[in-house]
Amino acid sequence: MRAVQLVDLARLTPGQMAAVVAIYREAFEAPWEMPADALAEFARVRGRESTLGRATAAVAGEEAIGLALSSYLPRSNLLHLKYLAVVATQRGRGVGALLLRDQVAAGEAIARALGRPGCRGVLLEVEVPDGPPPGADRALRRRRIAFYRRQGALSTGIPFPRSPWAPPEQPDWEIMLLPGSAWRETLDGPVRRALARSLQVEGYGVNEEVPWLAAYLASLEPRPVCDAREAML
């Protein structure tokens, strides 16, 4: 495979950006996801020096072959990995791992730029393998989870709340955590609820006062205490 470079989305050529949009649409396009025509604006403020997050493409030669988009959650000192995808012909060649490592490094750099010793970690959402819709590619969902686990991510057991108006074809998601250099906690009940609150309030802009959020957080039953770094062994 040709050498892969990581390039800010905002610096891609029109042809490369069109390829990134095609990758995004193939992997994620759905009514509940960010519209593909919003990628350029999302990327515009998430370059290498930004403290808002990162929007990066993997480029081999002149061809864009993958993307990773994230937002930094300043109150929680977490990076929210919103999207990561690699074109089908290049999967299994280390491109996804390269993009993920770059996002982890971005979280650490942003945290330090804001005066913190490091980032607590990266939050990401994965589709529940046995969740809706009935025709989902279960094997692909399991491969994605296995990929993140190989990179050190932990299953938190935190479900993403499913709204009553969600269409039947919308997947269910669970939250995973890739611990960062500043992670010092255990995944007990209070920490799991704090992670879920961070994702909803900082990541998705949910009003902290809405009743359903309190009910959702209260529903997160405690699980056995798990030290994140021991779980990675």
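I took a salt bridge to be a side-chain nitrogen of Lys or Arg within 4 Å of a carboxyl oxygen of Asp or Glu. I am working on a predicted model, in which local features need pLDDT of at least 70 and side-chain atom pairs count only at pLDDT 80 or more, whereas totals for chains, interfaces and linings use all residues. Residues are numbered from 1 along each chain as its sequence is written, and side-chain values use heavy atoms, with hydrogens and water left out.

**Salt bridges**

I found eleven salt bridges in the structure. I looked up R44 and E41, whose side chains meet at 2.9 Å, N to O, and both lie in helix α2 (residues 39-44), three residues apart, about one turn of the helix; helices here are DSSP runs of H or I with at least four residues, strands are runs of E with at least two, and both are numbered from the N terminus. For accessibility I used under 20% relative accessible area as buried, over 50% as exposed and anything in between as partly exposed (1.4 Å probe, protein chains only). R44 is exposed at 54%, while E41 is partly exposed at 46%.

I then checked R75 and E208, which form a salt bridge of 3.5 Å, N to O, and this pair links distant parts of the chain, with R75 in the loop between β3 and β4 and E208 in the loop between α5 and α6 (211-218), 133 residues apart.

My next entry is E127 and R141, a salt bridge of 3.2 Å, N to O; E127 lies in strand β5 and R141 in helix α4, so the pair ties together parts 14 residues apart in sequence. E127 is partly exposed at 22%, but R141 is buried at 4%. I also noted that D8, R48 and D102 are joined into one network by salt bridges that share partners.

**Sheet**

I traced seven strands in an open sheet of mixed pairing, in the order β1-β2-β3-β4-β5-β7-β6, where two strands pair if DSSP finds at least two bridges between them. The edge strands are β1 (4-8) and β6 (154-159), each pairing on one side only. Strands β4 (residues 78-86) and β5 (residues 121-127) pair in the parallel sense over four bridges, and the bridge partner of L78 in β5 is G121.

**Helix α3**

I noted 19 residues in α3 (residues 95-113). Its buried residues include V95, L99, D102 and I110, and what covers the buried residues includes β1, β4, α4 (138-150) and β7, contact meaning heavy atoms within 4.5 Å. Just after α3, G115 takes a positive phi of about 85°.

Methods
Expected span 1.5 Å × (residues − 1).
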